[in-house]
Amino acid sequence: MLERAALHQTRFRTPGVTPDARGVLLGQKGAVLFPSLDRLIAFLRAYSSEGSLDDLLPSLTIGKMVTSLKTREVLLSFAAESSYRMDRIAGIAKIAGGMVFTGTSRHFVKYRDSASPLGYDVLELQESVDDVVLYHDAFVQGYQQEGTVDLRQLVLKLTPQRARPDEMRSPSPRYWLTAETGVGHAILNYIFRWRVSARAALVEWAPESAFDDQGKRLHLFEIADPPERILELFDALPGVHVYEPGPGYAVEYGFRHPIELESASALFDDASLVLFRGVGNVLTVNPLPPFAPVRSLVRTDLGQGRSGDVGTGTEAPAIALDLRLAPTREPWRRVTATFVPLEHQAWLARLLYGLPPRTLASVSMASASDGFYLLDEGGIEGVPLGTFHTEVGERIYVPAGMTLVPAVSPRVLDDLLRERGNGFAFFDDEGPRVIAADAFGPVSRRVLRQLAPSSVSASALGDDGPGLPLLRYDKPRRLPLWGFGDEDDAT
Amino acid sequence: MSEEKQRTFDRWAEGFLLPLLTGETAQLQRFLPPGYLSHFSFATPTESTVHQDLLEAFTRRAGEIVRNTPLTFPEVGAAATAMALHNLAALTDPLLDRAFARGSRPRVLEWIDSLIAAIDVPRTRGEALTRHVLIAQTLGGARKDTVVKNWAYTYRFFGRRPPANVVALPRLRFVRQEHSERPMRDLLEEHALDLEDRIAALVARSPITHLLEHTSGTFRFGAADLAVLSDEALRYGIVQQIVRSSTAGSAAAFGDALRELARDGTPPEFLAVAIAFIGELQVLEVLDERRGNKPLDVPGVGNEELFAAMLPALIEDADAGGALGARIALHARDMMALRARASLRATQAGEDAVEAARQLCKRASDLSAKADGSEGLGW
């Protein structure tokens, strides 16, 4: 049914195919025949994770094909462009269970494989009224096109899958958030209270059927740089969904779309927003409603509430507790800091001379007015001096053998010490002290004095002394010996 | 008259002598007649700073061979050497080859001969160094020639600066200058000027220069050379200079000179000094290998064989407890390298040459039994 194409062969029976620059037989189009839709999806998933679907999208069509025996298959066709692209598609299609063909209009011949590196040509064209005829080395089959599949609709129908922990992406600078109208205002106040930069809008959809009382309504938030704890809180809140954004779409936090949507951005536009929910629902916001800063929305509501409170004269009761240090019998964990008082400065200096290079490189130090703070992420045991501190929260330290009461969680501690920024908080009897992160530096830099090398003039051996002279004549004289007498001739 | 001589001396010392020693541009003066020598031998520059600078420059240059040597200038030998060198350099002026001026050349050559004849054998280390410095600086100097071209003409100035009017308005007149330097040694050795013999005579009166210039012409150990070599400091400085510059040709020259010295029935003390010099030269050559210098490995024939054979003979003398070999006191590692070189040299030179060297050492050791040769030959 097929014969191998030969090098420098110029005439082929397959209409519309020519050898390209590499000699590979290529038509204007490429076609991949899949036995079922799920194979097509597998191909799209694999291709989108390896390359960009955007390259294929302008010319890509998905046809539902049926044979004369009513067998249904799926044919993906696209502009062939080059044998490099075809090679890449063929490689992925084979894994996904597809067969790759090339041709121009109706007749598609099998694309090259390892048995025939330059491709195949048909021995005889089949007379047929079918829309497409595929020539394979095992069969020749005609297909009628029953319809087409819209790729965008196909993508929207795919259900996101829960992402494995290792697939979780790095924190995004912004997130989308949808909240049911019942909790929307509470979310609004919460976001404002924690001073998270956000914008909010109200989205409405038309009723899906005549039985719905009203259309679906949701609060839509765009949050910038939210703390991770807030994200986790929203994620766990019923009626609230967090989405990781992409260009024109967003996938629910903790889920991944089967197809890498970043490589198929041409399916989405900036004027609308497609929200992929983890359970399979897809919300399309088209067009995007106007957004307003959360701050402006909340102030109006709070103003009304306060005026009511003032009128009734009520005041909410409050409990103010101080965090205190208390001894604990729990074993010391993460002893990564020490505080050396100023009176032990000489001991510290002497100790630094004896520290091994690795310890010296890993220890960072900050100087305070009453002592020195030393940090070592790997453990401060290398500097057996001063008061050891254990890390009870991120960059929060208490003296070893002590704990904070009430026993609040590290997250709460972090919130309480929000003002410290990226500084390091050390608790002692007088309360927390914050040392700015910039104050810490490698101990070798902090303690060593600046070297002031004295310049010594040195030159290579053999290059000593000034150079050799140049000799210049005196002004020319017509009679050079004029004026010398005979008495000058004798010594 | 004496005031005129002093003014000439001042101009000469400041304009020619001092720049010559410091490596700047030395301005040649009028020819210096031998009649001025009596004044120049004892005169000091009127400017005391010039005298001080002169002594410093002399000491600095001499320090390349022997450090911390007190030098005196002027003295008769150094002054005569400097005056002769000045006149020789001035004779290379091409403008002397013209009417009226041309006739002065024979008289100046006579003056130079008279001045050279007035140079005696150096009596101190300082005198030897002073003469060498003067000759080395003059022969190592150069003459700066300038070719000036404008849109119409080309001018050549040999050893003189172009006048201001020639190089004026360089852009308007398309003035271009090309500079070149011609070594003074080449100029002095031009056959047309007939100055080579005078240069050779001057070099012969400076033992240090004579030893360092051993590759030019046939070298023989003269009495002055041996006197200089009998001074340990000078000998080491000379050896160092030879090894630092190049030892190519040293073996043939010194081997030949040693053979001649031994043939003439030379007193053992002279022979001991020459052998010590050759021995030290080879020792330092071995030690200098560490600095990356590569001494010649294969001696030639004849004189070079004798030169090479001196090293194994000296090592044998040292092993036998001889006075000559006792001077080789080295670190064990250096001694090992030296022994390896000695055995190589013995193989290369052949048994006959080594035997001849042994005999020379034996003859020289007769003196060492009587007196230590390092005390010098009357210095």
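1. B:Val243 lies in helix H11 (residues 232-245) of chain B; helices are DSSP runs of H or I of at least four residues, strands are runs of E of at least two, and both are numbered from the N terminus. The model is predicted: local features need pLDDT of at least 70 and side-chain atom pairs pLDDT 80 or more, whereas totals for chains, interfaces and linings use all residues. Residues are numbered from 1 along each chain as its sequence is written, and chains are lettered from A in the order in which they are written.

2. B:Val243 is buried, as 22 other C-beta atoms lie within 10 Å (buried: 20 or more such atoms, placed from the backbone). Beyond its neighbours within four places in sequence, B:Val243 is in contact with B:Leu281, B:Leu284, B:Glu285 and B:Asp288 (contact: C-beta atoms, placed from the backbone, within 7 Å).

3. In helix H8 (residues 196-204) of chain B, the buried residues are B:Arg198, B:Ile199, B:Leu202 and B:Val203. They line one face of H8(B), because they fall within an arc of 140° seen down its axis (the arc of the directions from the helix axis to the C-beta atoms). These residues pack against H4, H5, H6, helix H7 (184-188) and helix H9 (207-212) of chain B.

4. At the interface, 40 residues of chain B are in contact with 24 residues of chain A. H5(B) gives the most to the side of chain B that touches chain A, with 4 residues.

5. Strand E32 (residues 470-472) of chain A pairs with E2(B) in the parallel sense over 2 bridges (pairing requires at least two DSSP bridges). A:Leu471 stands opposite B:Arg143 in E2(B).

Terms used. Contact = placed C-beta atoms within 7 Å. Buried ≥ 20, exposed ≤ 12 C-beta atoms within 10 Å, placed from the backbone.
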